[in-house]
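Trainee: I'm new to this one, and I'd like a close look at a single part: the place where the two chains meet. Could you walk me through it, with a few stops on the way?

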Amino acid sequence: MASSINSTGNGYNFKVVLLGEGCVGKTSIALRYVENKFNDRHISTLQASFLNKKLTVHGKKVNLAIWDTAGQEKFHALGPIYYRMSNGAIIVYDVTDYDTFQRVINWVTELRKMLGSGICLAIAGNKVDLEKDRRVYTEEAEEFANKTGAMHFHISAKLNENIEEMFFQLTLRMIEHADLMEQKSTLSRTSSIRRNVVVVEDEAEETEPTKSSCCSGSSHTS
Amino acid sequence: MYSTKTPTLRIDEADLKCKNGCGFYGNAEWEGYCSKCYREYLQKQRSQTECNVYGQGYDLASSNKNTISAHQKYEEKKVQQEKKYKLLNISFRKPVTKVQGYQELLYELTKDNPDLEKVKTDNRDLIAMIAKTPVERDVRKCMHSFIIEILQNKDVKRIEELSEITQNFYQVFAKRLENSAKYADITPEIKEKLLDYVERYAMTLLYRILFCPPFTNDEEKDLAIQKRIRQLNWVSGKNLECRIHETSSEVRELVYTSITDLLNMDSAKAPQEKLSCVIYCCRNIFLMLQQSVGGPASADEFLPALIFIVLKANPARLKSNINFITRFCNASRLMTGEGGYYFTNLCCAVSFIENLTAESLNMDEKDFNAYMSGERVPANTWESALMICESLHLMCEDITLLDEMKAKTTEIMTEALNLKEKMLQFQEEMKSEVNMVLDKTPLLITHSQRLPTNLDCEDIESYQLPPPIIPQVCPTTINNSTPQNDMRISLIEDCITPSPTFDFPSFIGDDSFDVSKAEDETSLISLDTQSDFDTQQDKSTNELLVSTHLNLPCSTESEQEDYHGFTVQGSNIPTIPCSTGDLSLNSTEMDCENYTSYFHNT
């Protein structure tokens, strides 16, 4: 959380990690968002694990660094190394596989425990195009998200459904959070909140599930 | 195993080891010893000098015993002192007595530092750009004060505090670049370069102090991870579930390059250079994965592959390098980009290796322990696979080499055949042409007024003309080549080498039976030229050359007419040289005389 913004000039630099079980489609989501391609032969990047996306929100330049993580269970313990210093996290599950949702619960609980409210969370149920095989029910997922102060989205990387929206909303929230932190630091001059120094503060009431702004999706530039 | 593929840049591992041979890594700043041995070595040296000083006051005879005992006492005392320090958990450091020492140290660090010179030359443009401006002075000032601060604190503060100082310096300097009026008219790109340069320069300068410092346990950690990786050398790609086609030669090449890149990290100095080694390594891994995955690889595939590479590379001083980067690189600048991502993955890989269990390799606890203790060696380890692959690889290389050579030889052969054919063709053409010409124009020499002169004589001036002999008319055949060619050769020879050592015997032999008849046209002409030349020594050879050259082209261009002309105007030939100068007449007369005398002799 600490070195959150680096608002050099009028821009933001955000680090967003993609968490979740393997094969839930983390990479597809990132590729769909950044390259707008799905299982395509013409994907220009060599790798899909570190992607950059530039966008402008409310006249401010935002650079999203999207970090893919290894989802296998055996690498779960490495999570803290990945999500250290990140501003946002998207935790992905497969709507057709309940086990993957179980992993989401684990992740979110861990993130909240380790980073408190310093990180903006979005839970994403992927593969809604396979609606007929759904195993994870919307009510349960949304209830959990509300409880933990995370946003919840139903997305499909295959059909490019809701993905832009999800990243945009997460960005909005990260900006909000970054500005808040900036204010605080200038007020109290709390120096040395660099790196792994975690300042835990109770501000759980920051959760406004859907901040439906009129400009959603309009001011995207790649 | 990797000896064939290790980069040439790198130093041998033996060079890194302690001079004492204790198995730990040595360090140039400790005169090639490891920290422990160096401490002992220093103590020994110090006590020796002290002994010497001590011994001076005594008789030489008695001093021996005394020094030994004093030495022993001293050693004991030291050991005790050290124990006390250890008990108190105080690391053995130089006391802060020498406050002025850092100036000397700075000088020592700056002097003869090839890496520092390299940083300077790499950034020559930047330095030239800011040279002699307030910017340069300010940068210098900032950097100097930071370096001094580190040098002053290096023995007093913990490494974390030093890291804090460094990070603060980066931040303060970046802010200064943004806000200070001195930097107002500098473009953002230059500012970025300045930031990079300052970090590079300062870290390269302080590398000896800040990399794997003796007051941290970095070295122990290095050894621990090294040992751990060595124990895990049986782990194969299959164990890690990483999708590497070990049998493909392309993939193998990439494995080697990424291993090399990772190993290079230790020889790089500045944190960003180390980081770029990691980036190269990871990019190669992605290239490698692309071969097997068939698309952009995700982290699910990348991390196991990276772990595999780290296991196979077993980079020297891995922990020290990682710590150095985390502590002293400009976190806000480097850790957010691609480099930061790869570096994080490297940390993950190391952490995974450290905490590796049977479970994480999906194998039986018992098997795992057997492999770890070395009791059992798996049949299909990467090592043995590579061993076979290595020889296969060599064979492949040899085969390609042979193929190349074969292609070259066949090419040469066909070229040679072509040439041969052409030569034959040329010969045929020539032959037919000559025959044709000969058929059309049989060589007839009707009249010849002059005869060859005797050139055998030493004295050129005494050449005399032979008595006039009336040539007979008869057809001749010229040996084998074209008359033009022969003529040309003889003409040129005559002109170029107008020496008295002209090769006469053959000429004489040629003519010996028929000189009087002057059948051989060639000899006749050549002699003409020769005699002509002899008589006109004063005249420049150039003139002759020009004249011959002028003559030749027309003779080749219009063979028939020219040739025809020869025979028809056969009588004119001898008059050609005569027309070039009147002098010739006298000398040719002399030549003729000489010639007759020669004839009489034979």
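Mentor: Let's start with a term: a residue is called buried when its relative accessible area is under 20%, exposed when it is over 50%, and partly exposed in between. Keep in mind that this is a predicted model. Now take Gln152(B): its relative accessibility is 36%, so it counts as partly exposed. You'll find Gln152(B) in helix H7 of chain B, which covers residues 134–153. Along the sequence, Gln152(B) sits 50 residues from Tyr102(B), yet their C-alpha atoms are 6.4 Å apart in space.

On to the meeting place itself. Here 37 residues of chain B are in contact with 28 residues of chain A. Together the two chains bury about 2,600 Å², and carbon and sulfur atoms give 62% of that area. Three residues stand out on the chain B side: Pro296(B), Asp300(B) and Tyr341(B) supply 24% of the area that chain B buries against chain A, more than any other three residues.

Asp300(B) comes up again when you look at charges. It forms a salt bridge with Lys26(A), with the closest N and O atoms 3.8 Å apart. The count of salt bridges between chain B and chain A is two. As for polar contacts, 10 residue pairs make them across this interface, counting pairs with both residues at pLDDT 80 or more.

Which parts of chain B do the touching? Helices H8 (159–179), H13 (271–293), H14 (299–313), H15 (318–328), H16 (331–334) and H17 (338–354) of chain B each supply at least two residues of the side that touches chain A. The largest share comes from H17(B), with 10 residues. Sorted by class, this side of chain B has 16 nonpolar, 15 polar and six charged residues.

Before you go, have a peek at some strands in the partner chain. Strand E3 of chain A, residues 60–68, is mostly covered, with seven of its nine residues buried. E3(A) pairs with two strands. Strand E1 of chain A (residues 11–19) runs parallel to E3(A), joined to it by eight bridges, and in this pairing Leu18(A) stands opposite Asp68(A). Strand E2 of chain A (residues 50–57) pairs with E3(A) in the antiparallel sense, also over eight bridges, and there Asn52(A) stands opposite Ala65(A). E2(A) and E3(A) form a hairpin with two residues between the strands, where His58(A) takes a positive phi near 50°.

How values were computed. Residues are numbered from 1 along each chain as its sequence is written. Chains are lettered from A and ligands numbered from 1 in the order in which they are written. This is a predicted model: local features need pLDDT of at least 70, side-chain atom pairs count only at pLDDT 80 or more; totals for chains, interfaces and linings use all residues. Side-chain values use heavy atoms; hydrogens and water are left out. Helices (H or I, at least four residues) and strands (E, at least two) are DSSP runs, numbered from the N terminus. Buried means under 20% relative accessible area, exposed over 50%, partly exposed in between (1.4 Å probe, protein chains only). Two strands pair if DSSP finds at least two bridges between them. Contact means heavy atoms within 4.5 Å. Buried area is the accessible area (1.4 Å probe) that two parts lose on being put together, summed over both. A salt bridge is a side-chain nitrogen of Lys or Arg within 4 Å of a carboxyl oxygen of Asp or Glu. A polar contact is a pair of N or O atoms within 3.5 Å; within protein, one must be able to donate a hydrogen and the other to accept it, and residues adjacent in sequence count only if both atoms are side-chain atoms. Ala, Val, Leu, Ile, Met, Phe, Trp, Tyr, Cys and Pro count as nonpolar, Asp, Glu, Lys and Arg as charged, and the others, Gly among them, as polar.
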